[in-house]
Amino acid sequence: MLRHLPLFKHSKHYCMVGIGYRKDFAEAFLQSDVLQPSFIEVAPENWIGVGGFWKKQFHQALEKYPLFTHGLSLSIGSPDELDIDFLKKVKAFLNETKASIYSEHLSYSKCDNAHLYDLLPIPFTNDAVKHVSQRIKKVQDVLERKIAIEIVSYYTPVAPELSEIDFINAILEEADCELLLDVNNVYVNGFNHQYDAKQFIDQLRMDRVSYIHMAGHEQVSDTLIIDTHGEAIIDPVYDLFEHTMKRLNRDVPVLLERDFNIPELEELQTEINRLKAIKHSAIKNDLYAIA
């Protein structure tokens, strides 16, 4: 029987906003009280097999913070066979660390057994829906838990038969999996492909959302935004996040993503606080009332 992801509907999980655990500021998790996330997130493949000093420090962080995971190399849309040995290692890592969520990208990063070191878009086709859904089911069977798939940013559609929203909703239904809703990615895609990001959110299967990512981006021209995770979140993305939380009308964990250009820890905590404030304001439910 597959284990569903926790829906975090109890007050002790209220307004959870976490951050990626990075070696750049790992000491801060243990020694500083400036940065106070609700949880940390790592990519399992970056920590599987790690020993010595970094493993010891990571496990010290796990004593303080719940762990969420976000994979990079599952390549769920690839034509290659799934790497079952890798999945078994991921399963052992998730069990060892008591990770709450395992999420991955709705993309592919491997073809003909070659790693492409990028998250490439999957064609929006009916055949791709069937292919990806069957692979997600197999992953869930091996891991014995539901996974959350992330809506990724893309810069050109590939031979689309379906709209992006129909493609995503079809996979959620066919695969019976959860959704990692990256609000910044929706904003970036809406800008680049000229659709209304709020209308896109309104059409999503919000009952499948178990996790949210928030990040910054870089606008490189009047018609192009690049998803970088290297800048502060901008006001329109905060606004889309508020719209998302009102549409969701329940609490789910939110991650602040910052992969490089790491600012002072006070700046990261300011972003965490703003995300918490938006969540608290948007959710109209006595269950989450703070005393």
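This is a predicted model: local features need pLDDT of at least 70, side-chain atom pairs count only at pLDDT 80 or more; totals for chains, interfaces and linings use all residues.
Biologist: Which residues of helix 3 and helix 4 meet?

Modeller: From helix 3 you have Ile84, Leu87, Val90, Lys91 and Leu94. On the helix 4 side, they meet Lys138, Val139, Val142 and Leu143.

Biologist: Okay, now the strands. Which way do strand 3 and strand 4 run, parallel or antiparallel?

Modeller: For strands, you look at the bridges and at the direction of each strand. Strand 3 (residues 67–70) and strand 4 run parallel, and two bridges join them.

Biologist: How many bridges pair strand 4 with strand 7?

Modeller: Three, and that pairing is parallel too. Strand 7 covers residues 148–150, and its Ile149 is the bridge partner of Glu104.

Biologist: Which way do the residues of strand 4 point?

Modeller: Strand 4 covers residues 102–105. Tyr102 and Glu104 point one way, while Ser103 and His105 point the other way. All four are buried.

Biologist: Talking of buried, what is the relative accessible area of Leu204?

Modeller: The cut-off for buried is under 20%. Leu204 has 4%, so it counts as buried. You'll find Leu204 in the loop between helix 7 (197–203) and strand 9 (209–214).

Biologist: What does Leu204 touch, not counting residues up to four places away in sequence?

Modeller: Its contacts are Ile151, Ile165, Ile168, Asn169, Leu179, Leu181 and Arg247. Take Ile165: it is 39 residues from Leu204 along the chain, yet their C-alpha atoms are separated by 6.8 Å.

Biologist: Where is Gly230, and is it buried or exposed?

Modeller: Gly230 sits in the loop between strand 11 (224–226) and helix 8 (235–248). Its relative accessibility is 1%, so it counts as buried. Leaving out residues up to four places away in sequence, Gly230 touches Arg258, Phe260 and Asn261. Its C-alpha atom is 8.0 Å from that of Ala215, which is 15 residues away along the chain.

Biologist: What about Asn185, buried or exposed?

Modeller: Buried, at a relative accessible area of 2%. Asn185 belongs to helix 6 (residues 183–193). Not counting residues up to four places away in sequence, it touches Glu150, Ile151, Val152, Ser153 and Asp227.

Biologist: Last one: what is the phi of Ser75?

Modeller: The general idea is that most residues other than glycine have a negative phi. Ser75 isn't a glycine, but its phi is positive, near 55°. Gln194 isn't a glycine either, and its phi is also positive, at about 60°.

Biologist: Where do Ser75 and Gln194 lie, and which is buried or exposed?

Modeller: Ser75 is in the loop between strand 3 and helix 3, and at 3% relative accessibility it counts as buried. Gln194 is in the loop between helix 6 and helix 7, and at 72% it counts as exposed.

Key:
Residues are numbered from 1 along each chain as its sequence is written. Side-chain values use heavy atoms; hydrogens and water are left out. Buried means under 20% relative accessible area, exposed over 50%, partly exposed in between (1.4 Å probe, protein chains only). Two strands pair if DSSP finds at least two bridges between them. Contact means heavy atoms within 4.5 Å.
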